[in-house]
Amino acid sequence: SKYRGLFCVFLGLLKNLINIEILSLKTQDRNINVMLEESLPFMTNLKELYLSSIAPRGKERLNIIKAKAPFLQKLSVAEQFVEDAKVIFDNNIEIIGISSNLATSN
């Protein structure tokens with residue numbers, strides 16, 4: 001979604017994905033942090049997250065992921081957030097950079 005607020009329409013669906021182990025989100029929606037904060041606690045089996053977002057408040061987003069997805073083993077983020085992710089996750093999980101071309105292409 002490129003329109004503010006539209007992504008949150010999917011919160012009900014995402015909260016029902018309790019058995020999901022791998023989640024891939026390709027979005028630039030500015031509400032991604034809210035969506036993650038609201039839905040990740042329900043995804044108790046989540047082990048891998050691929051997130052292309054380059055939306056503002058990237059460090060906040062990484063802290064939300066760390067707090068709300070405690071069993072995460074692998075995180076892929078846009079390249080500009082890799083170093084922050086390594087610091088925030090203290091190298092306890094595998095961090096992979098997603099090319100900015102992949103993160104922003106439609």
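The model is predicted, so local features need pLDDT of at least 70 and side-chain atom pairs count only at pLDDT 80 or more, while totals for chains, interfaces and linings use all residues. Residues are numbered from 1 along each chain as its sequence is written, and side-chain values use heavy atoms, with hydrogens and water left out.

**Overall fold**
- The protein chain has five helices and four strands (DSSP runs numbered from the N terminus: helices H or I of at least four residues, strands E of at least two).
- Along the sequence, the elements of the protein chain follow the pattern α-β-α-β-α-β-α-β-α.
- Of the 106 residues in the protein chain, 40% count as buried (under 20% relative accessible area, 1.4 Å probe, protein chains only).
- Among contacts in the protein chain with a separation of 6 or more, 61% join residues 24 or more positions apart (contact means heavy atoms within 4.5 Å).

**Helices α2 and α3**
- Helix α2 (residues 32-39) packs with helix α3 (residues 58-68) at an angle of about 5 degrees, their axes 9 Å apart.
- That angle makes α2 roughly parallel to α3 (angles under 35 degrees).
- In α2, Ile32, Asn33, Leu36 and Glu37 meet Glu60, Arg61, Ile64, Ile65 and Lys68 of α3.

**Ile32 and Arg61**
- Ile32, in helix α2, is buried, with a relative accessible area of 0%.
- Ile32 and Arg61 are 29 residues apart in sequence and 7.9 Å apart in space, C-alpha to C-alpha.

Conventions:
Axes are lines fitted to C-alpha atoms, for helices over the stretch in contact, and angles run from 0 to 180 degrees between N-to-C directions. Angles under 35 degrees count as roughly parallel, over 145 as roughly antiparallel, 65 to 115 as roughly perpendicular and the rest as oblique. Buried means under 20% relative accessible area, exposed over 50%, partly exposed in between (1.4 Å probe, protein chains only).
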